[in-house]
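Here's a quick briefing on how one protein chain is put together. Take a look at the sequence and the structure first, then read on.

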Amino acid sequence: MRSNDPSHLHIHITDIEAAINHWRQRAPVDAGAALVDELVALAEVYARMVYQRCDEIAEDDMPPEAMFAWLAWYDTTMDTPCIAICSTSQGDATCKGCGRTFAEVQTWLELGPVHKRSVWRRISMEGTALRFTRYKERAGG
């Protein structure tokens, strides 16, 4: 069972896939050439997850090389889901603009990358915030 405790955060397999694709584009392989270390580290984690039929890996279980490669990918992603239509400032518990909770909006700058990606995944899966509906084009995603 997953915990909402930030010390027990998980990285979803789709983020591992995205990081692998980032490294594949960044360091394409010619025939017979070796894969870059970052790609190998992420691929090993991905393979283990697939073999174990897991769709998440605990942040603490990520090998350091894989975490380094994942964080390098993370640095290329959009940080905040904010689209400057914040209804939490009007008293809503969940922002109608981005889908984050009041606490997530208030503490966003303090959250770590794994926690932020977990929030991004949740609000993307819900898809109910204006970011994912009427204002999708404006929000850039």
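Let's start with a word you'll meet a lot: a residue is buried if its relative accessible area is under 20%, exposed if it is over 50%, and partly exposed in between, using a 1.4 Å probe and protein chains only. What you're looking at is a predicted model, where local features need pLDDT of at least 70, side-chain atom pairs count only at pLDDT 80 or more, and totals for chains, interfaces and linings use all residues. Residues are numbered from 1 along each chain as its sequence is written, and side-chain values use heavy atoms, with hydrogens and water left out.

**The big picture**

- The protein chain has six helices and two strands; here helices (H or I, at least four residues) and strands (E, at least two) are DSSP runs, numbered from the N terminus.
- Follow the chain along its sequence and you get β-α-α-β-α-α-α-α.
- Of its 141 residues, 37% count as buried.
- Two residues are in contact when they have heavy atoms within 4.5 Å. Among contacts between residues at least 6 apart in sequence, 61% join residues at least 24 apart.

**Helix α1 and its H22**

- Helix α1 covers residues 13-26, and its end C-alpha atoms are 20 Å apart, which agrees with the 20 Å its 14 residues should span at 1.5 Å a residue. The expected span is 1.5 Å times one less than the number of residues.
- Which residues of α1 are buried? They are I13, D15, I16, A19, I20, H22 and W23.
- An α-helix has 3.6 residues a turn, so residues three or four places apart point the same way.
- The cover over the buried residues of α1 includes β1 (10-12), α2 (37-51), α3 (64-74) and α5 (113-126).
- H22 sits in helix α1 and is buried, with a relative accessible area of 16%.
- If you skip its neighbours within four places in sequence, H22 is in contact with A72, W73 and T76.

**Helix α3 and its partners**

- In α3, the buried residues are A66, M67, A69, W70, A72, W73 and Y74, and the buried residues of this helix pack against β1, α1, α2 and α5.
- Two packed helices are described by the angle between their axes and the distance between the axes. Axes are lines fitted to C-alpha atoms, for helices over the stretch in contact, and angles run from 0 to 180 degrees between N-to-C directions.
- Angles under 35 degrees count as roughly parallel, over 145 as roughly antiparallel, 65 to 115 as roughly perpendicular, and the rest as oblique.
- With α1: the axes of α1 and α3 are 9 Å apart, at an angle of about 80 degrees, and therefore α1 and α3 are roughly perpendicular to each other. Here D15, I16, A18, A19, H22 and W23 of α1 meet A69, W70, A72 and W73 of α3.
- That contact of α1 with α3 divides into eight nonpolar residues, one polar and one charged. Ala, Val, Leu, Ile, Met, Phe, Trp, Tyr, Cys and Pro count as nonpolar, Asp, Glu, Lys and Arg as charged, and the others, Gly among them, as polar.
- With α2: the axes of α2 and α3 come within 8 Å and cross at roughly 110 degrees, so α2 and α3 are roughly perpendicular to each other. The contact involves E38, A41, L42 and V45 of α2 and E65, A66, F68, A69 and W70 of α3.
- With α5: the axes of α3 and α5 come within 11 Å and cross at roughly 60 degrees, which makes α3 oblique to α5. M67, W70, L71, W73 and Y74 of α3 make this contact with P113, V114, K116 and R117 of α5.

**Loop residues to look up**

- Most residues other than glycine have a negative phi, and most peptide bonds are trans.
- R53 isn't a glycine, yet it has a positive phi of about 55 degrees. R53 is in the loop between α2 and β2 (56-58) and counts as exposed at 80% relative accessibility.
- A84 isn't a glycine either, and its phi is positive at about 65 degrees. You'll find A84 in the loop between α3 and α4 (102-107), where A84 is exposed, with a relative accessible area of 62%.
- Leaving out residues up to four places away in sequence, C95 touches I85, C86, S87, T88 and R100.
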